[in-house]
Amino acid sequence: MTEAAVEDELMVECELEAAPGQVWRALTVPEFLAAWLLPEARRERPAGGLMLDGSGHGLSRQIDCTVLEAEPERRLRMRWQEADATTTVVTFELMPTVSGGTALRVRHGPATVPRAANTNGAPLALAA
Amino acid sequence: MSETEIFRALADPTRRAVFERLASGEANATELRAGLPISQPAMSQHLAVLRAAGLVDERRQGRHVQYRISAEGLRPLQEWMLRYRAFWPQRIEALKDFLREMDQ
C-alpha cells in the first residue's frame, strides 16, 4: 500500500556567514526584519509583533506577525497571519557553524503540526 | 475551501493517516479502520471532517459508502505551498544582502 504523505509544511535551509548573534538581531529588531523580509504595512505595531505588507510578493497587504516563542540565538517562532488567508506559523532555527557562521532553517506551516503519529514523509526530523 | 480548513482537517494524526491511505485508492470506512485503534463512529466523524474540508468525496455502492480523495481538494493547499516556496528563498537572499550591509 503506497501512502502518499501530505505535504503541508515548507522548509528552507541555508548557511549564512554571519554569526548567530547577528542573525538573531536581523530577525528580532523590528526595523531590521522589515528591511529584508517585508516592509511594514503601517506605523503602529501590534503588541509583540509587526504588521507587514506582502503585496509586493503576491501575498496579503497586511500580514500580522506575532512572536510566539523566542529562544535567543536559537529559535524564533512567529504567528504569521495573512489578512484574508490562513494563520500559519513561521519558525526560524539557528545553529552555529564551525566556521563561525549560522545554519538557518526556516519552517512555515500550519499552526499545529501533527508530527508524532506521522513518521513517513514528514519533512523534518528535529531530533536527528 | 480554504487552506485553513485543510490544515485543520489534516492537523489530526488519525485523519491525516486516513487521508494518506485514501491516496492509494478508494476504500470504505471498515477498510480504512484496519489497523487503526479507533471506533466506527470516530472514523465516521473523521471522514465527515475530511469531506467538509473538501478533501474527500463519497460514493454510495450498495450498502457501503466508498471514500476517495477529491481531485480538487488539495488545490488550495498546493497554491499556498507554491506561493511560499517561491517566497522564502527570495527573502533569504535578501537576508544575506542585509547581513552584509549590517557588517559595514
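The model is predicted.

Start with the contact. Chain B puts 30 residues into it, and chain A puts in 32 residues. Helix 5 of chain B gives the most, with 16 residues. By residue class, the side of chain B that touches chain A divides into 18 nonpolar, 9 charged and 3 polar.

Now turn to helix 4 of chain B. This helix covers residues 40–52, which is 13 residues.

Which residues of helix 4 of chain B are buried? They are B:His46, B:Leu47 and B:Leu50. These three lie on the same side of helix 4 of chain B, because they cover an arc of only 100° around the axis. The general rule is that an α-helix has 3.6 residues a turn, so residues three or four places apart point the same way.

The face turned away from that buried side carries exposed residues: B:Pro41, B:Ser44 and B:Ala48. The buried residues of helix 4 of chain B have several packing partners within chain B. Among the helices, these are helix 1, helix 2 and helix 3 (29–33). Strand 2 (56–61) and strand 3 (64–69) of chain B also pack against them.

After helix 4 of chain B comes B:Gly54. The phi of B:Gly54 is positive, near 80°.

Key. Residues are numbered from 1 along each chain as its sequence is written. Chains are lettered from A and ligands numbered from 1 in the order in which they are written. This is a predicted model: local features need pLDDT of at least 70, side-chain atom pairs count only at pLDDT 80 or more; totals for chains, interfaces and linings use all residues. Two residues are in contact if their C-beta atoms, placed from the backbone, lie within 7 Å. Helices (H or I, at least four residues) and strands (E, at least two) are DSSP runs, numbered from the N terminus. Ala, Val, Leu, Ile, Met, Phe, Trp, Tyr, Cys and Pro count as nonpolar, Asp, Glu, Lys and Arg as charged, and the others, Gly among them, as polar. The expected span of a helix is 1.5 Å times one less than its number of residues. A residue is buried if 20 or more other C-beta atoms lie within 10 Å of its own, exposed if 12 or fewer, and partly exposed in between; C-beta atoms are placed from the backbone. The arc is that of the directions from the helix axis to the C-beta atoms.
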